Amino acid sequence: MTPLREKMVRDMQLRRLSDNTQRVYTHAVFALAKHYMQAPDRLNERQIQDYVLYMLNVRKLSWSTCDTNVAGLQFFYGVTLGRNSMRLVLPPRRSEKRLPEILSAEEISRLFAAAHNLKHRVLLETAYSAGLRASELVRLKLTDIDSGRMLIRVGQGKGNKDRYTLLSPRVLRHLRDYWRKYHPSLWLFQGQKPDRPLVGRSKVFIAAKEEAGIHKIGGIHSLRHAFATHLLEAGVDARTIQLLMGHKSILSTMRYLQVTYKKLGSTQSP
């Protein structure tokens with residue numbers, strides 16, 4: 001690790017940025033340096049701004065990806081290098097809102113059946129049944145499974161907040177089968193190294209999705225969307241779903257009302 005990168009990591013740790021944010025920010029600076037084949041501290045503001053436009057216009061990265069990269073670059077130059085006067089400009093986001101394509105209960109069943117590896121199947125089942133974000137899923141520890149209360153503790157989820165969500169009886173049985181076979185020690189879904197959580201969870205979802213012949217758009221976060229939508233369709237109130245999912249605002253939860261087939265299907269056309 002170079003001294004400059006080491007200083008940036010230290011600055012991020014001092015500000016208690018999450019491990020994922022640290023990885024994204026350092027990669028943003030690495031990609032910038034690789035683009036110019038030059039040390040990032042030697043680049044001027046015009047070069048950095050041109051790189052932002054390159055990400056948008058040439059690489060065609062999504063606005064949200066560019067926004068995250070800009071935040072990483074702004075941190076590096078503003079905090080680590082002390083260039084407080086530098087302000088990178090990102091064109092405003094186009095005001096388009098797309099509703100997620102929701103997986104049906106039948107598609108969820110096909111998805112699980114297509115995951116032939118026990119570890120992968122239990123991973124997907126846990127993600128759906130508890131409405132977890134991918135980052136929350138892989139950071140579950142054995143001690144987070146509260147079988148006595150049938151709850152899962154989500155430690156330091158988005159916004160650095162703890163919460164509890166549902167533990168399905170069926171998933172609990174499968175988790176016990178999984179534990180007897182794999183014997184994880186710390187992380188529920190540990191990686192190749194026992195002291196590190198699993199990586200590549202999106203690949204697990206995509207492989208199972210292709211095997212199941214599901215063509216709807218969306219990655220592993222689709223399971224979280226399905227969790228919220230299916231609960232609404234089952235009559236669970238939005239406030240309870242908000243707490244289970246860890247939404248800061250009830251408005252984030254209410255958008256699932258737009259994709260519930262029972263609500264739409266029960267509305268009669270004039």
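Trainee: How many bridges join strand β2 to β3?
Mentor: First, the ground rules: this is a predicted model, where local features need pLDDT of at least 70, side-chain atom pairs count only at pLDDT 80 or more, and totals for chains, interfaces and linings use all residues. Residues are numbered from 1 along each chain as its sequence is written, and side-chain values use heavy atoms, with hydrogens and water left out. Strands (E, at least two residues) and helices (H or I, at least four) are DSSP runs, numbered from the N terminus. Strand β2 covers residues 151–154 and runs antiparallel to β3, and the number of bridges joining them is 4.

Trainee: Which residue in β3 is the bridge partner of I152, and which are the edge strands?
Mentor: I152 has T165 as its bridge partner in β3. Two strands pair if DSSP finds at least two bridges between them, and here the open sheet has the order β1-β2-β3. The edge strands, each pairing on one side only, are β1 (145–146) and β3 (163–166).

Trainee: What is L175 in contact with, leaving aside its neighbours within four places in sequence?
Mentor: Contact means heavy atoms within 4.5 Å. With those neighbours set aside, the partners of L175 are V122, T126, I145, L167, L188 and F189.

Trainee: Why does D195 count as exposed?
Mentor: Find D195 in the loop between α8 and α9. S185 is 10 residues away from D195 in sequence, with their C-alpha atoms 8.2 Å apart. D195 counts as exposed because its relative accessibility is 52%.

Trainee: How many salt bridges does the structure hold?
Mentor: Side chains of opposite charge can pair when their charged atoms come close. We call it a salt bridge when a side-chain nitrogen of Lys or Arg is within 4 Å of a carboxyl oxygen of Asp or Glu. The structure's count is 12.

Trainee: In the salt bridge of E106 with R110, how far apart are the closest N and O atoms?
Mentor: Both E106 and R110 sit in helix α5, 4 residues apart, about one turn of the helix. E106 is partly exposed at 46%, and R110 is partly exposed too, at 29%. Their closest N and O atoms are separated by 3.1 Å.

Trainee: Are R133 and E136 buried or exposed?
Mentor: R133 and E136 form a salt bridge, with closest N and O atoms 2.6 Å apart. As for how covered they are, both count as buried.

Trainee: Which residue forms a salt bridge with D162?
Mentor: D162 is partly exposed, with 42% relative accessibility. The side chain meeting D162, 3.0 Å away from N to O, belongs to R153.

Trainee: What share of the 270 residues in the protein chain do buried residues make up?
Mentor: The chain's secondary structure comes to 13 helices and 3 strands. Of its 270 residues, the buried share is 42%.

Technical notes
Buried means under 20% relative accessible area, exposed over 50%, partly exposed in between (1.4 Å probe, protein chains only).
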